[in-house]
Amino acid sequence: MNSLDELRMFKQFIHAAELVWTQIATSPRGKPVYTINNVDFTPLPERYNSKRKISRIFRRYWGRQLSETMIRNLNLRLVKGKLCVPYGEIPPFPTVVQSLQLKLNRPNQKVVSVVLSGANKKVRVDYRLIRVGATAPYTIMKRSGKEYDRRYRPPVASSAAKAKAKPAPKPAPKPASKPVAKPKPMSNGRKKLLKTP
């Protein structure tokens, strides 16, 4: 594959990767069916009706960590045995690859800088694409600008959860050596009792 064909392939691949979240989020055609905590939910169609199916679709383009983040950001809810998404308008995102520049070109690893356009704005995004062999497909392992895009935004709660999780081990440093020293006199006492008869 010559470099022009490869660049064209990356353009198509990134465009499809950027569309896939919205395709799933907007796939329900019906009206809201369930309301939970004042949020309307509607069931996903059969082709997206399990997290495994959605993950399989995301993993065609995205690495495991980004796929999990995208699934979480769909705000899925299982209601009466049906996998549902919140009902409502999904704002358009920049998904059209306007320009693409290769920044790192290794046989099984590429870093590309892309200008995405759409939704009346343009954004520059860097992608790290990796494959496991010459015949394997590429996977996007990293994407810049995640915090500015609700599809890829990492959870804020996880850093708070980590902060909460760290204090828990602090009481755990057990001054176990001191209590262990206390039973020794008891054992000595027992020995004396055993020796007395």
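Predicted model: local features only at pLDDT ≥ 70, side-chain atom pairs only at ≥ 80, totals over all residues.

Me: Are α2 and α3 oblique or roughly parallel to each other?

Reply: Helix α2 (residues 51-58) and helix α3 (residues 64-72) pack with their axes 10 Å apart and at an angle of about 130 degrees. Angles under 35 degrees would count as roughly parallel, over 145 as roughly antiparallel, and 65 to 115 as roughly perpendicular, while the rest are oblique. The relation between α2 and α3 is therefore oblique.

Me: Which residue in β4 stands opposite Thr 42?

Reply: Strand β2 (residues 39-43) pairs with β1 (residues 34-36) in the antiparallel sense over three bridges, and Tyr 34 stands opposite Phe 41 in β2. Strand β2 is also joined by three bridges to β4 (residues 82-86), again with the two running antiparallel. In β4, the residue opposite Thr 42 is Val 85.

Me: Is Asp 149 buried or exposed?

Reply: Asp 149 lies in the loop between β8 (139-143) and α4 (156-165), where its side chain makes a polar contact with the side chain of Arg 151 at 2.6 Å. Leaving aside neighbours within four places in sequence, Asp 149 is in contact with Phe 93 and Arg 143. Because its relative accessible area is 7% and the cut-off is under 20%, Asp 149 is buried.

Conventions: Residues numbered from 1 in each chain as written. Heavy atoms only, no water. Helix = DSSP H or I, 4+ residues; strand = E, 2+ residues; numbered from the N terminus. Buried < 20%, exposed > 50% of the residue type's maximum accessible area, 1.4 Å probe, protein only. Polar contact = N/O pair within 3.5 Å; in protein donor to acceptor, adjacent residues only side chain to side chain. Contact = heavy atoms within 4.5 Å. Pairing = 2+ DSSP bridges. Axes fitted to C-alpha atoms, helices over the stretch in contact; angles between N-to-C directions.
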